[in-house]
Amino acid sequence: MTYNPASCLQLRVFSDSLKKEYAVAVYLRAETPISIHCHLIPGKSNAAHLKRCTILRLKLYGAVLAAMLLHFVVSTYTDFLKINEPQA
């Protein structure tokens, strides 16, 4: 991806959970005057614990993982890109 100084860069975080796992994805959304591009930066998934967990508990685990992954991506890419808005 080439960097256009006039473009708007946003980080978007998505998390979801099912009965046996939860997953998180961080996307970089680059908006230029001509087009919009989305790129998957990192994604991570985990299996649920062996003990039975409720869906709400797994959603909470997903939210915590999303916050940790977003913090990691922001701290990693801050030197390379000027990110306008991180959104969770």
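Hi everyone, let me start with a definition: a patch is made of residues with over 30% relative accessible area and no salt bridge, where like charges are joined within 9 Å and nonpolar side chains (Val, Leu, Ile, Met, Phe, Trp, Tyr) within 5 Å. A salt bridge here is a side-chain nitrogen of Lys or Arg within 4 Å of a carboxyl oxygen of Asp or Glu.

A word on the source: this is a predicted model, where local features need pLDDT of at least 70 and side-chain atom pairs count only at pLDDT 80 or more, while totals for chains, interfaces and linings use all residues. Residues are numbered from 1 along each chain as its sequence is written, and side-chain values use heavy atoms, with hydrogens and water left out.

Now the overall picture. The protein chain has one helix and four strands, in the order β-β-β-α-β from the N terminus on. These are DSSP runs, with helices (H or I) of at least four residues and strands (E) of at least two, numbered from the N terminus. Of the 88 residues, 25% count as buried, meaning under 20% relative accessible area; exposed is over 50%, and partly exposed is in between (1.4 Å probe, protein chains only).

So, which residues form a nonpolar patch on the surface? They are Phe14, Tyr27 and Leu40, with about 310 Å² of accessible area together (Shrake-Rupley method, 1.4 Å probe; for residues, only the protein chains shown count as cover). Phe14 lies in strand β1, residues 8-17, and is partly exposed at 49% relative accessible area.

Strand β1 also holds Gln10, which is buried, at 6%. Thanks, everyone!
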